[in-house]
Amino acid sequence: MLLAAALACVLGGCGATQPVVATHYRSHSIQEQGDPRIGGYISSEWSLQTASYWIEGPEGLVLIDTQLLPSALRKELAFAKDVTGKEPKLAIVLHANPESFNGTALLQESGVPAVTSGPVRARIPAVHEKWAPDLFKQYWNGRYPRELVLADSFGDSTRELSAAGVTLKAHVLGAGSSAAHVVVEWEGHLFTGDLVARDAHNWFEGGDTTEWLQRLEELRALKPKWIHPGRGLPGGPELLDAQTAYVQAVREEVTRERRAEHPSSDPLAAVEAKLKERYPGYAYAKLLPHLVRAEWARQARRP
């Protein structure tokens, strides 16, 4: 599997016997998160620098996403407890991606309920089955979960959720970078998962770029003050503009190559190279092949 091989290179280093593990990043400053009640945790480079968050309420914490590895989630929970002195009361899984749902078992073992939408929950088993064999080999020492534990469903439509003295809105959205999404809205903050990445290529898991652009428009219509992405530090609504430009760039480069008078001998690689040139500072270019291949197939299906 192309993306699995690419991830193996990103995570473990092609040809290397041991991965290079960068420092985990812990963030709870008002400058970075926009509110002292929000904390963020970014895992190491080894585990793709996955971002997850908490919202602090008077009675505890609401977690947003559950990390790729239980070992990273444990570090986040320890950080949150050190900062707030409080325990999690609820976790929300934003999409059917191992970076979102893999900590569900650990949380449920600790008595913390995890929830997601019905459409996201329905897609998790197939995504787990796809990735678990390869990623378990890569992450056995991070205790990658071999057995799947599903989050509970809060339903198929947008609704308010309350826990820890906090009430937030869970927006149930269609396809984007994944086949279905939940976006959490709270006091002008949006927690987007992989719909938005900052200065990084996105993990694309069964989504659609046309739908993705529509999801970004829907988020823009909410008029957020802060965006908390699935990879990278938070920022303002300009992150939505940057993500929109990125998705459009992927579509443009695929279209240009498909219509080229003299197409490349390896057109998918040519598109990837063009995108790397357009986004030279973006991390995780090894995630590009899956997105480019999917967009090529989408355009091939058009009348």
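Helix H9 has four buried residues: Ala 270, Val 271, Glu 272 and Leu 275. They pack against helix H8 (238–258) and helix H10 (288–301). The model is predicted.

How far apart should the ends of helix H9 (residues 267–278) be? At 1.5 Å a residue, its 12 residues should span 16 Å, and the end C-alpha atoms are 17 Å apart, so the two values agree.

**The sheet**

Seven strands form an open sheet in the order S1-S2-S3-S4-S5-S6-S7, and the pairing is mixed. Strand S1 (25–27) and strand S7 (152–153) are at the edges, where each has a single partner strand, so one side of each lacks a neighbour in the sheet. Helix H3 (residues 70–84) packs on this sheet. Helix H3 touches S1, S2, S3, S4 and S5, and its direction makes about 30 degrees with that of S3.

In general, strands of a sheet pair through backbone hydrogen bonds, either parallel or antiparallel. Strand S4 (residues 60–64) and strand S5 (residues 88–92) take the parallel sense, over four bridges. Ile 64 has Ile 92 in S5 as its bridge partner.

| Core | Number of residues | Residues named |
|---|---|---|
| Largest core | 56 residues | Val 62, Ile 64, Ile 92, Tyr 144, Leu 168 and Phe 191, which touch the most other members |
| Second, separate core | 25 residues | including Leu 195, Trp 212, Ala 249 and Tyr 279 |

**A glycine in a loop**

Gly 176 sits in the loop between strand S9 (166–173) and strand S10 (181–186). Is Gly 176 buried or exposed? Its relative accessible area is 0%, so Gly 176 is buried. Beyond residues up to four places away in sequence, Gly 176 touches His 181, Leu 195, Phe 204, Gly 207, Asp 208, Glu 211, Trp 212 and Arg 215. Among these, Leu 195 and Trp 212 belong to the second core. Glu 99 is 77 residues from Gly 176 along the chain, and their C-alpha atoms are separated by 16 Å.

**The annotated span**

An unreviewed UniProt entry gives the annotation "domain: Metallo-beta-lactamase" for residues 49–231. The end C-alpha atoms of this span lie 7 Å apart. The span is 32% helix and 31% strand.

Methods
Residues numbered from 1 in each chain as written. Predicted model: local features only at pLDDT ≥ 70, side-chain atom pairs only at ≥ 80, totals over all residues. Heavy atoms only, no water. Pairing = 2+ DSSP bridges. Helix = DSSP H or I, 4+ residues; strand = E, 2+ residues; numbered from the N terminus. Contact = heavy atoms within 4.5 Å. Axes fitted to C-alpha atoms, helices over the stretch in contact; angles between N-to-C directions. Buried < 20%, exposed > 50% of the residue type's maximum accessible area, 1.4 Å probe, protein only. Core = buried A, V, L, I, M, F, W, Y, C linked by side-chain atoms within 4.5 Å. UniProt positions renumbered as here; feature names shortened; annotations may be inferred. Expected span 1.5 Å × (residues − 1).
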